[in-house]
Amino acid sequence: MKNLILLLLILFAQKSNSQVNWSSEISVANSVDGNLHPRIVTDALGNPLIIWGKSLANECKFSRWNGASFSSPITINPSSIPVFTASWAGPDIASKGDTIYIVIKATPEDVNPIYILSSFDGG
């Protein structure tokens, strides 16, 4: 039993000494496109797909990595569905392979429905 505890302590010490190496930051969008509640997933090839909210316009923005930079942001929601977004809440995204789902809540959020948008070709 003492050997097992010693082994676990050694493994924990090695794990806690490991370093995280971060890449340089990459700009996704200008601040005029909003910046609230960003969320990220990857497509089947591992390319990042990012959504976030633009509060004053009630929009859900989307950008994808094209191999060299992020694409120009596009608005995901139709203009007939104003999206609730804040610094603490907003649209969310999930993916598996090239299947992507985005969930948005229409404003006013206390009475309007939740919507789901989908893509089956990686966005």
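Hi everyone, this short talk covers an aspartate in a loop, some aromatic pairs and a nonpolar surface patch.

The model is predicted, so local features need pLDDT of at least 70 and side-chain atom pairs count only at pLDDT 80 or more, while totals for chains, interfaces and linings use all residues. Residues are numbered from 1 along each chain as its sequence is written, and side-chain values use heavy atoms, with hydrogens and water left out.

Let's start with aspartate 43. You'll find aspartate 43 in the loop between β1 (36-42) and β2 (48-54); strands are DSSP runs of E with at least two residues, numbered from the N terminus. Is aspartate 43 buried or exposed? Aspartate 43 counts as buried, at 7% relative accessibility. Here buried means under 20% relative accessible area, exposed means over 50%, and partly exposed is in between, using a 1.4 Å probe and protein chains only.

What does the side chain of aspartate 43 reach? It reaches the backbone nitrogen of leucine 45 at 3.0 Å. Leaving out residues up to four places away in sequence, aspartate 43 touches Leu49, Arg64, Gly97 and Asp98, where contact means heavy atoms within 4.5 Å.

Now to the rings. How many aromatic pairs does a search of the whole structure find? The search finds 3. Rings of Phe, Tyr and Trp (its six-membered ring) pair if their centres lie within 6.5 Å; planes under 30 degrees apart are stacked, over 60 edge-to-face, and the rest tilted.

One of the pairs is tryptophan 65 with phenylalanine 70, edge-to-face at 5.1 Å centre to centre and 70 degrees between the planes. Tryptophan 65 is buried at 17%, and phenylalanine 70 is buried at 14%. Another edge-to-face pair joins phenylalanine 84 and tryptophan 88, with 5.8 Å between centres and 65 degrees between planes. In this pair, phenylalanine 84 is buried at 15% relative accessibility, whereas tryptophan 88 is exposed at 66%.

Last stop: the surface. Tyr101, Val103, Ile114, Ile116 and Phe120 make a nonpolar patch of about 510 Å². For such a patch, residues need over 30% relative accessible area and no salt bridge, and nonpolar side chains are joined within 5 Å. A salt bridge is a side-chain nitrogen of Lys or Arg within 4 Å of a carboxyl oxygen of Asp or Glu. Strands β6 (99-105) and β7 (114-119) each give two or more residues to the patch. Isoleucine 114 sits in β7 and is exposed, with a relative accessible area of 58%.

Technical notes: Patch = residues over 30% accessible without salt bridge, like charges linked within 9 Å, V, L, I, M, F, W, Y side chains within 5 Å. Areas by Shrake-Rupley, 256 points an atom, 1.4 Å probe, with all protein chains shown as cover. Helix = DSSP H or I, 4+ residues; strand = E, 2+ residues; numbered from the N terminus. Polar contact = N/O pair within 3.5 Å; in protein donor to acceptor, adjacent residues only side chain to side chain.
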